[in-house]
Amino acid sequence: MEFEPTRAAGLKRLTQFIPSAGDAYANTRNFDDGVPQSGARSNVSQLSPWLHAGLISETEVIEAVLAEHSLETADKFIAEVFWRVYFKGYFEQRPTVWPAYITGRDAAIAALDDNADMAASYTRAINGRTGIQAFDHWARELVSTGYLHNHARMWFASIWIFTLRLDWQLGADFFLQHLIDGDAASNTLSWRWVGGLHTKGKTYLARADNIARFTANQPRGPLRADGLVSEAPALEEADEHARAEIDMPAPALGEASTMALDEPYALILHDEAASHSPLNLSRPPALIVGAARPDARAKARHGIGAAVRTFANGSVNNGAADAAAEYGCAHRMWQSGESLTDIVRQHGINRVALPYIPVGWTRDALWPDITPFAAKGDLITLLSEIDRATWPLAKAGFFGVKKKIGNVLTDIGVHGGQFAA
């Protein structure tokens, strides 16, 4: 499937998928049927690239699905949408997980220089030459397409950690290099979950029979996974990532707003919020500033895949142009190394509105230039209502969020009946 970096393409894919979002999705979603000859996979939505880029929103997706399906019928799909929101909320409440990953990743990459055997094993893994057919198939598919089925991601991570005995942080970095929908929270926490760090001591061990069953519809038949370990201890870490309260920004839109958009402001669109449409701004901006930083997502010595860079840059460029056309204002791309303060002042503007940047590389890359505006009270932070309602619930496992999905949807004005627990 070709992922076009536009909001229109994301909405088109959503429309195509909606009829399958109910029982069909629930019954077939775990099957990795391979890359279709043309078009999209029929059993999963493949909406994640557009969701990650903020070209479409989780709320829009849920509303569209509930226009055709009951909440009970579409509960499996809607729960999967909420997993994305949950991971971000959990990440916000565990602010040490991301910097610990960055430190561990850099150390693991450096260690490859001192261990020729490990470096060779790593090179075989990322090039799909391990001799484990299924794993090698997914490694090549990821690099060539920028996408993997979610079940394949779990199997891949399990084989990487427990059978190949490679550092999980190297695997997470490999995913971020090539996944178009690579998300700091979802990617990091999913790898930690497979390894037994997210839910302490509970691992996910890939099994050859399970892989064969759920890849039975591959064009060339089931994928083989010979030689997988059948037992392995969970990973351990020295750090305890204590939970911290989320510092929620004050509402900037609607009746509860304490900082109305009533003065000229520049709207910043970035890798994780590339479209103005889901923001529902009450007042138009005077300037659109696009900031794409895809190269910040992975370790520089490896670089990122062409598909990742193309989609990320295209999303922000297209989003900025669309917003400027919608509001009849100028737009300007903010390149790495440029001063944001200088850019907005050149247009006679002091204030900036920023769609909330979750913990991860986008925040790391942009926040130093945003800080001066925050310090002077000239920063308006825009947080979606679904995030505001869900993140405080993401204190531990997903079940705490899942059982409140119906309440969350009601609270944010999305209705569709009773959610099946």
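Author: This is a predicted model. The largest pocket in it has a volume of about 1300 Å³. Of the 47 residues in its lining, E80, W83, F87, N150 and M154 are the closest to its centre.

Reader: What makes a residue count as part of the lining of a pocket?

Author: A lining residue has an atom within 4 Å of a point of the pocket.

Reader: Which helix gives the most to the lining of the largest pocket?

Author: Helix 5 does, with 10 residues. Helix 11 is among the elements that each supply at least two. By class, the lining has 24 nonpolar, 14 polar and 9 charged residues.

Reader: Why are helix 5 and helix 11 called roughly perpendicular?

Author: Helix 5 (residues 75-93) and helix 11 (residues 184-195) pack at an angle of about 85°. Angles of 65 to 115 degrees count as roughly perpendicular, and the two helices are therefore given that name. Their axes are 8 Å apart.

Reader: How do you know which residues make the contact between helix 5 and helix 11?

Author: Contact means heavy atoms within 4.5 Å. On helix 5 the contact is made by R84, F87, K88, Y90 and F91, and on helix 11 by A184, A185, S186, T188, L189 and S190. These divide into 6 nonpolar, 3 polar and 2 charged residues.

Reader: What volume does the second largest pocket have, and which residues are the closest to its centre?

Author: Its volume is about 830 Å³. S57, P278, L383, S384 and E385 are the closest to the centre, out of 38 lining residues. Helix 5 is one of the elements that supply at least two residues to this lining as well.

Notes. Residues numbered from 1 in each chain as written. Predicted model: local features only at pLDDT ≥ 70, side-chain atom pairs only at ≥ 80, totals over all residues. Heavy atoms only, no water. Axes fitted to C-alpha atoms, helices over the stretch in contact; angles between N-to-C directions. Helix = DSSP H or I, 4+ residues; strand = E, 2+ residues; numbered from the N terminus. Parallel < 35°, antiparallel > 145°, perpendicular 65-115°, else oblique. Nonpolar A, V, L, I, M, F, W, Y, C, P; charged D, E, K, R; others polar. 1 Å grid on protein atoms, 1.4 Å probe; cavity = no way out; pocket = protein on both sides within 12 Å on 5 of 7 lines; lining within 4 Å. Points joined across faces, edges and corners; volume = space filled by probe spheres on them.
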